[in-house]
Amino acid sequence: MHKIFIKNPLYISFIAGLISLQGCKLDAPIYPDNSGSHNSPTVDDVKKPHLFVSTYVQGINTLPHPSRICTTADGTMYITSAIEGKVFKVTTTGIVTTVLKNVKNPVGIKSDSKGNVYVMLTRENKIAKIAPGGTITTVKINADINSAQDLAIAGDGTLYIADTGNSRILQVNTDGIVTTLAGKIATFGLKDGIGQDAHFSTPTNIRLASDGFLWVIDGDGAKATGQTIRRVTKKGQVNTYFTQQNKALTIMDMALAKIDKDLNPSSAVNVFLVFSNNTIIHFATNGVQTTLAKITTAGFTDGDIKTAQFSNPAGISVNDSCLFITDQDNNALRKIAAVKPN
């Protein structure tokens, strides 16, 4: 059984402009598909699994102001708190410990296949590496980055950095040599293309797929953050895959997994998006969107996802076919699981 902490609905204001984090397992790429071939067959609603929200851990003294989240291969989760300047480790039994503290604005977080965890220290413009045994080192980066919020890591150790303030995506090899994969320094915009012919607004979240594609949450060339999802190839070809239609909302985070909107196994990769209005969206590869968590009013309510409430969900990760959400103003880690009817 997972350890559950008693709720304490204390709400803390969110730092303006802070963007969320994401899960860190490698996923297969997403491809547009209008055929409908990946749709699940129609099932009587009574017989369908229902999504249920529970509180995994919670408390201002346990998990204060969680930001982004990643999951390692063994199911352990790591969570940044940009406000607190800390990184927390959450075991599979729900035990929380602090593994990094007294750092400036830790935001993006990922892990590699060996269990090393990489943390983007946004205000320090550097990356901290936490080894499985707890040893902390600094990753060498021979480039001037500007308020970078996220990173991804390939199997060979290559790092990819969402250089947020410089509107570009960087590639860093294991010797620390840096090249620009896509975008152009200090060139703000939204333009598809190859390498520096492509333009980014403010790339805030980045995820590496298993075949080498990078997925980035970006602005739209006008509003700075959280308006588009863009795909980048190994050769730096950038394409805009998804555009948020409601400009008043911000895409806070994204997780990719081979599970459908009911959290059942799927042959195709699906997208799960966390939005600034407390909702969680499922986005299928055929373009169909389904709102999973629908209540926009901030609150702290477990139960059926149709009536569950969040308050400033900041990050999302997939762990064992469940969704884990960092619920920042509730100081909580929430779990969304499929419950089959009797």
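Predicted model: local features only at pLDDT ≥ 70, side-chain atom pairs only at ≥ 80, totals over all residues.

Me: Okay, how many residues are in the largest nonpolar core, and which have the most contacts inside it?
Reply: That core has 20 residues, and Leu323 and Ile336 have the most contacts inside it.

Me: And which elements give two or more residues to this core?
Reply: They're strands: S1 (50-58), S19 (251-259), S20 (265-275), S22 (289-293), S24 (313-319) and S25 (322-327). The largest share, four residues, is from S19.

Me: What does Leu323 touch?
Reply: Leaving out residues up to four places away in sequence, its contacts include Ile259, Phe272, Leu292, Ile316 and Ile336. Apart from this core there's another one of 16 residues, with Ala209, Phe213, Ile229 and Leu256 among them.

Me: Switching topic: where does Asp112 lie?
Reply: Asp112 is in the loop between strand S6 (106-111) and strand S7 (117-121).

Me: Is Asp112 buried or exposed there?
Reply: Asp112 is buried, yet it has no salt bridge. Lys129, the nearest side chain of opposite charge, is 5.5 Å away.

Me: So what polar contact does the side chain of Asp112 make with a side chain?
Reply: Its partner is the side chain of Tyr118, at 3.3 Å. A polar atom of the Asp112 side chain also lies 3.1 Å from the backbone nitrogen of Gly115.

Me: Last one: how many disulfides are there?
Reply: The count is zero.

Me: And the cysteines, is Cys70 buried or exposed?
Reply: Cys70 is buried, at 0% relative accessible area. Cys322 is buried too, at 11%.

Definitions and conventions:
Residues numbered from 1 in each chain as written. Heavy atoms only, no water. Disulfide = S-S within 2.5 Å. Buried < 20%, exposed > 50% of the residue type's maximum accessible area, 1.4 Å probe, protein only. Core = buried A, V, L, I, M, F, W, Y, C linked by side-chain atoms within 4.5 Å. Contact = heavy atoms within 4.5 Å. Lys, Arg positive; Asp, Glu negative; His and termini not counted. Salt bridge = Lys/Arg side-chain N within 4 Å of Asp/Glu carboxyl O. Polar contact = N/O pair within 3.5 Å; in protein donor to acceptor, adjacent residues only side chain to side chain.
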